[in-house]
Amino acid sequence: MSVSVPIDDPSKRVTLVEGGHDFKSVSDTVCRPVETKAPKWWMISFGIAVSLLLLILSMLGKLVWSGVGVWGLNNPVMWGWDLVGFVFWVGIGHAGTLISAILFLFRQKWRTSINRFAEAMTVFAVICAGTYIAFHVGRVWVAYYLFPIPNSMAIWPNFRSPLMWDVFAVSTYFTISLLFWFVGLIPDLATIRDRATTKTRKIWYGIFAMGWRGANRHWMNYERAYLILAALSTPLVLSVHSIVSFDFAVSQLPGWHTTIFPPYFVAGAIFSGFAMVVTLMVLARELFGMKDFMTMHHLETMNKIILATGTMVGYAYGMEFFMAWFSGNQYESYAFLNRAFGPYSWAYWTMISCNVIFPQLFWFKKIRRSIPIMFIISIIVNIGMWFERFVITVTSLHRDFLPSSWFYYSPTYVEICQFIGSFGLFLTFFLLFLKYLPIIAISEVKGVMPAANPHYHGEEH
Amino acid sequence: MSPIESDAENKYWRSQGQLENSPEFKEFVDREFPKDASVLDDDVSRRTFIKIMGASFAFAGLTGCAGIRRPKQTIRPYARMPENLIPGRPNFYATTMAIGSDVVGLLVESHEGRPTKIEGNPSHPGSLGSTNAIHQASVLELYDPDRLKSVTTHIPSGDPDTYGDWLSTQVQSMKDTQGTGVAVLVENHASPTLNRLLDDFSKKYPNASIYQFSPINDDAAIEGIQAITGKRLRVSVDYAKLDRVVSFGCDFLGTEPNNVRASKEFASRRDPDVEAGMNRLYMVESHFTITGGKADHRIRIQPGQFDTAIAQLASAIFKATPGAPAPLVAKARAIAKKGGDILPEAFLNAIIDDLTSKNHNGGVVVGSQVSPFAHSMAVAINQVIGANNLTIRYYPVHFSESKYTTVGSTESIQALVNAIHGGDITTLFILGGNPVFNSGSESGFTDALSKLKHSLHLTQSANETSHHVQWVAPKTHYLEAWGDSQTIDGVTSIVQPLITPLYTGSVSEIEFISRLINDADVSGYDEVRTTLSAASNEKGWRRWLHEGIVTNSPADAISIALGSSTASERSIHGLQVEFTPDFKVYDGRFTNVGWLQELPHPVTKLTWDNAALIGVDTAKKLHVKTGDLIKISVGKHVLDIAVMVQPGTADDTIVIPMGYGRTIDGRIGQGTGFNAYALRPTSSTSVIGGATIQKLSKTYTLATTQEHSSMEGRPLIKEATLTEYDENPEFAKESEHEGPPMKSSWPERTYDTGNQWGMSIDLSKCTGCNACLVACQSENNIPIVGKSQVANGREMHWIRLDRYFEGPENDPNMVQQPMTCLQCENAPCEQVCPVNATVHSHEGLNDMVYNRCIGTKYCSNNCPVKVRRFNFFDFHQRNPQAIAKKREHFFDYFKEPDKTVQMQFNPDVTIRMRGVMEKCTYCVQRISQARIRSKNEGREIVDGEIKSACMQVCPSDAIVFGNTLDPNSKVAKAKKNPRDYHILHELYLKARTTYLAGVRNPHPKLVEEKA
């Protein structure tokens, strides 16, 4: 590779906030979107997002009114875009938790400028996933049977079912993520409250700031609560997607029934989540002028993680094939040959090229630091990860044990519009977040600035 | 009233207040309701009135939305209880269904006066307790809402109300002219009463004439047999005694008359352990039939080659066994020589070896659509090898003394058309049938109809024929009217109605003819009793009704002597088009029966359509593939039809099942399939040559239920030859899992007490005839989903007939496997259901709790055999015959099945709503009924008391159901059979349904040669 690219000096810490900011300018920059009128691009994007939101609502309305038959599902393929969408969104959520919780515990200070952002993404992505898990059932009006609600006939849910575990995993995940996000927001909400110039802002941010005064005791409790929530979230990063993978791994379908699934799914989730964070961050730092906080260093670090997890996923793909051959199980072998060479081979090869081949470009520093290329690759990765879930779900189902029941599945417009609409749901929330909440953790960023060092005297560090 | 005083002495008291007799208590008792409730007793102020009324309206509104919904219709109790009717408990009545000469006795289940389910009548020789798919579906035909409900007329400004007057005028003028210019056209029938009345009609109106026509008939057989024996006879074959069967295009297990009985008898010899020895079937046919699928040896030949093929066999037989008249020998040799060798030498030698063997009863059977010459030859061969009168018997055709039966259908309808054109006939009564649609492209029948002065069609539903006549009168269904039928071998049974005609004014053929004779309405009951009066007193009559049959023993067979002439042979060349009766809609009469339309064809797996079946090689040669539309031209007739590439079809042959492509039909049948009759010149044409095809640029969607026909080398259906079986009876267990002992992830329940239900399916016997599938649909209220939903893989049938081909693509073998819920003890579906909607019963059933199901569909994904069916929609509501429900409240936008269709529903089985999963229950409602019955009678359930619908209907007796813990039960014995195997054994399902591996009995020499 070309020598002109400077190599990081490992003995030195990289500057996390650039542009010579002091504490005040940090607050000013981060609070600016909240305190000023929404820019034009925001209004336009929000308009589009809300229209897409209406699209998913109308599709869900049709689904409930007419029945699950409006989707293209058929007898062997009883799960299609619904489960694919569910796993896709849950997977995306994972990056947020990883960045907030695990990197927090590992004292990775570079996380501070992106964790808020990523956590918000988690919460909204899990909401999107939730719509799928709620509406994929045939009778959504009795979906509450999924919860262990005491009843006179003493019927409990089936605790042996991975789908039951899913319900607990996802609801726990959502609760913890929301709390974690909210707790982190409190000091910053108080900052906005304190800076507020209008009464409405004062009242609303005041309510959610929950009386934060920045007292020493507050900070002590806050730090402890944050640490506990981080500790609670950490196992969730691994457990939630492991449990999602159990939906497949615990069944006995060739192509689903493999022990590699939990780690493979977790790696895939982080892979896709980080890609999504990169996509959103590249846009946000550009649009809100926050390049000083979300620096190239951040992006590069994330690209490295994408490279690492992408390679893990690639390894899993290879290992699946090896095990299919090594097991000597004819149904298993057929399932994998069918993936690569059957009627859905187009999906399989899309997946391989998007997930395994393209991320390998990140070996090159120039590419890791190129905004347009990383933006494109991050989108490719998300397309690839969507296809991964499609390949796992549909190709395994459409040809299993008895050739007599084999059938092809194609989605209808309802499934497609619903998936497009789920982005509307996500973006609506996300744009509201961008406009009305501090998208960077002000207090945490301040903590990693040189000015926060008690020995700081204004010199370059 | 105040209960205080009387209560005073009472030692029980309601409260302290009562005990003390306090004024508050007194007031409480007097008022009955608490104080605040009776505000209206006070002087009503305007404000309180408004307040209370407002609240009342609000509450009334609430109840209207969600609370009590009382039916607005009147319900009536039985003022006088009908005899033998216990609400909730079905009654069974014996009756008979006849299609042409195919007569099958039935027992029909009736719930509170509604016939709901057809079963076979065990005492009837045509049924022996079973039926086929068409019989099963005939109950839905009764309730078809598209049936003709009243008289209609096509006379311009004609008034249907004047029908009675018109008919009386006709009768009057017939009386005056002795029937001059009047003709009656009937279908081929087997009813002694109808025949008696037709004879009476001829006597009363000597100038009137009677014609008989059916598009699918056995005239070729009758003609062929007549040519060599001089008598009009039909064949009755005893497959139970026939050790070696050689069939020339005879689909005796499928579409031929008497298929139910033939299946029963044939299957009784398909068991490798049967005492009389396993039978052997050689099949020579042009396209795969289910009979060909069961064959031990199968040869594909073109339909035009049958004459040569049978001549080749005959000439070899005559050489080996003397006894045939010399002219026959010469003729056989000449034709065989002319046509060249059709049958391979080894195959021919094997047949000769088997047919001439002293140790076996051999026999040759020929399909009723095959040429008359082949039938003549078959009679000769059977005579020479001594099969005639031993296993193959001859009976006179039905009502051979009557004049109208002395000619075949084609001749009869031609005579009728000529008579109309000649002006000899001006009034025509068409009783049933649909000759405009199916009399053939060259019959000229449609044109002739327009020349008539008066015409009437008595029909069950409006069709192409009724569109061309002046008067259309509704005909009763066989479940609505009295009648009788006679099997080929002379067993008479009674057609007993199960229900008053649904549409007033509809009459049976018997009643109609009777009206023409008597000029007054005589009930069908009286007419039938008159016919059978000779031998019946009241007690005898009741007995007949109860048993369903009049005589149990067949008539004496006619002994034949060989003449020296045969029917003339056919000469057909080039690209041949063969017309076959459709397995489902027969000649087209059942196109509006949803169950039959959606029934997957046993071989092609096609639903809702027919198609031009073309062999693999021929399709390649013609550059067509499945779904292409082609134009077939024969002479001046053309037909646009979709292609279906079908393995096992003869080269240069296009096979088209008849009956589809109706232009005037009900809401189910409209727009399905392609009309083969447009190409078929006359009803005696079963094959024509010299066809040309042209590929059209359009394609057509064909909805099949099975897309993949190869077993992919998986051990799903296990088969062996008889020799292999004798050497290693446990062959089926050999390919089972080898490895560490299997263990469930969860504690396994033991099922070692009470009744543990299980099933065994004998693949050696199963023909794949689909009767079980329709029986299940009828018993369990399974909806039809329509063509587009089938094309999307959403058919709801609980039973799937898995049909696989093995061997060369162009000429494979076919195997069938009924697949339904295996009721696994370690059920994969149960473990993954998040809401416990599918659970195991203590009797080992895998139960679906519809109320609990939320429709995650996970169970289906985890079902290794994919037999769970999901209600993607409310399919009963989406049926094209469904009607808008009467709206009772704001949210009520629903549709419901037509009122008559609702009458078919089995009240013992829940109708499933959309969003829930369903599947085979082992007919749990029948198990419950038996359990209740046995408890009431203080006994255990006995083996055979519970028959699942599939077991009861199975014409091959391939399905056995019962208690596996009872060592004497049939099912326990079947499971001890060495052929017993578990499908997907390595998954450790512990399935309750297991299979008996198939055994075939090929000729050892042919096996050697193949090896």
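Colleague: Which hand does the crossing of α4(A) and α5(A) have, left or right?

Modeller: The two helices cross in a left-handed way. Keep in mind that this is a predicted model.

Colleague: Where are those helices, and at what angle do they pack?

Modeller: In chain A, helix α4 covers residues 115-135 and helix α5 covers residues 162-195. They pack at an angle of about 150°. Their axes are 9 Å apart.

Colleague: What does that make them, roughly parallel or roughly antiparallel?

Modeller: Roughly antiparallel, because angles over 145 degrees count that way.

Colleague: Which residues make the contact?

Modeller: From α4(A), they include A:Val123, A:Val126 and A:Ile133. From α5(A), A:Phe174, A:Leu178 and A:Trp181 are among them.

Colleague: And by class, how many are nonpolar, polar and charged?

Modeller: The contact of α4(A) with α5(A) has eleven nonpolar residues.

Colleague: Switching to chain B. How many helices and strands there?

Modeller: Chain B has 34 helices and 40 strands.

Colleague: What does the C-alpha trace span?

Modeller: For chain B, about 120 × 90 × 65 Å along the principal axes.

Colleague: How much of chain B counts as buried?

Modeller: 56% of its 1011 residues.

Terms used
Residues numbered from 1 in each chain as written. Chains lettered and ligands numbered in written order. Predicted model: local features only at pLDDT ≥ 70, side-chain atom pairs only at ≥ 80, totals over all residues. Axes fitted to C-alpha atoms, helices over the stretch in contact; angles between N-to-C directions. Helix = DSSP H or I, 4+ residues; strand = E, 2+ residues; numbered from the N terminus. Parallel < 35°, antiparallel > 145°, perpendicular 65-115°, else oblique. Left-handed = near helix turned anticlockwise from the far one by under 90°. Contact = placed C-beta atoms within 7 Å. Nonpolar A, V, L, I, M, F, W, Y, C, P; charged D, E, K, R; others polar. Buried ≥ 20, exposed ≤ 12 C-beta atoms within 10 Å, placed from the backbone.
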